[in-house]
Amino acid sequence: MSTTQQPAPPGEESASHDPRTVRRAMLAGSIGTLIEYYDFSIYGYLAVAIAPQFFPGDDPTASTLAALAVFASGLVVRPVGGVFFGWIGDRWGRRKALVSSVLCMGVASSVTGLLPTYSQIGVVAAVLLFLIRVVQGISSGGESVGAYTYIYESAPPRRRAFLGAVTPIGSNLGFMFAAATAGAISALTTKDQMADWGWRLPFLMAVPLTILCLWARLRIEDTPEFKEAARRADIPAAPIREVLSTHRTALLQSVGLAMAQGGAIFLGLTYIGIYLTTNLGYDTTQVYWLSAGVVLFTVLLMVPAGRLSARFGCRRVLMGGLLAFLVTAYPAMMLMGRHSLALAGLAYAILMLGSAFVQVPAASLWPHLFERRVRYTGMAIGYNLGTVLAGGTAPYIAAFLVDRTGNLLSPAFFVMLVCVIGIGSLLTVRKDV
């Protein structure tokens, strides 16, 4: 059964969509999110290797928790970056915000690979790592939502649900590339070499990746909707105030959906690797490659997820994805502990089965909740608040739960909780893409 195309939200103007411009928009958006999630997730994949370099101690668990706390700190400041880049995007244009956010992200990631360690400069090393993660968090606060906004406004209205797959494909390829890079470096270095200099190489890969993204983004124009709004001087003077006064319901909906997506997916893509190596004792290099394979599996499901979203509506597909996470989290984590890497890989794939069917429809539904005037800012606030509450903190919460309860399966209950929050939020959404 096919859904009827919904009318455009108030304030969303019709505009011509040149195919060449649309292709450039898809490329620029997907490459940017690839680099964002590569830069951000490589830290998660290397947390076990990084921990003793910046947080040495007799307790490996305490060192890992400290490293994951720094990972979470980068996401805690995402709303700050979201407000800043959202203001730029709604006041001065989507293109300016996208170029500046990815440049900031790439520079911060590259500098991480050059940092001195605790053995060289003491506690100052940990402080510098923390500050760089904060810079990355601020830039990432405007990156994903900027890509969602740019692609949504650049795509023809009848193809928005399908083309919403472009941004999640880019972000998940970033996760996959990070896992594969970590696996390759781990396989080609000894344990001592990895601790000494091997962990730096994946961060330095950000240099060519950032150059590639800047090349793609400097070739794009602003979206047709924003250019038309600028021509008519229909630009909000205070987009933050306008969001908080006229879009409170959409804001709460986006927070709940972001909590569900971030909590489930960040746990799956960053914590599970630590769980398999640290708690279950699987080989680190094999787990890196296993993670890359599972992410590739989710990427392959994203085009079908886009087609289903276009046919049946984003809300229905998103509901299916959240329910999949809800019912598979506990049995999947249980299966991982059966002392077989093959079974662990199967369980990991089962856990992430719902990933594509959450990320793809959400990518189009989020910008659809807000009017064009404040779309960038509204998404930036809602998406980033939800990600702070349950996304970036997910790996730390999971490790903390296991450490405090002694129950290796306790992170599954966290996934189930955030999915219930997401389902409740989705039930209040009345309009579809």
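**Helix packing in a predicted model**

Author: The axes of helix H1 (residues 19-45) and helix H5 (residues 94-112) come within 10 Å and cross at roughly 30°. Axes here are lines fitted to C-alpha atoms, for helices over the stretch in contact, with angles from 0 to 180 degrees between N-to-C directions. Helices are DSSP runs (H or I, at least four residues), numbered from the N terminus. This is a predicted model, where local features need pLDDT of at least 70, side-chain atom pairs count only at pLDDT 80 or more, and totals for chains, interfaces and linings use all residues. Residues are numbered from 1 along each chain as its sequence is written, and side-chain values use heavy atoms, leaving out hydrogens and water.

Reader: So how do H1 and H5 run, roughly parallel or roughly antiparallel?

Author: H1 and H5 are therefore roughly parallel to each other (angles under 35 degrees; over 145 would be roughly antiparallel).

Reader: Which residues in H1 and H5 meet?

Author: Gly32, Ile35, Glu36, Asp39 and Phe40 in H1 meet Val102, Met105, Gly106 and Ser109 in H5, where contact means heavy atoms within 4.5 Å. These residues divide into four nonpolar, three polar and two charged. Asp, Glu, Lys and Arg count as charged, Ala, Val, Leu, Ile, Met, Phe, Trp, Tyr, Cys and Pro as nonpolar, and the others, Gly among them, as polar.

Reader: Other pair. How far apart are the axes of H16 and H17?

Author: The axes of H16 (residues 284-300) and H17 (residues 302-312) are 4 Å apart, and the helices pack at an angle of about 30°. H16 and H17 are therefore roughly parallel to each other.

Reader: What makes that contact?

Author: Thr298, Val299 and Leu300 of H16, with Met302, Val303 and Pro304 of H17.

Terms used:
Helix = DSSP H or I, 4+ residues; strand = E, 2+ residues; numbered from the N terminus. Parallel < 35°, antiparallel > 145°, perpendicular 65-115°, else oblique.
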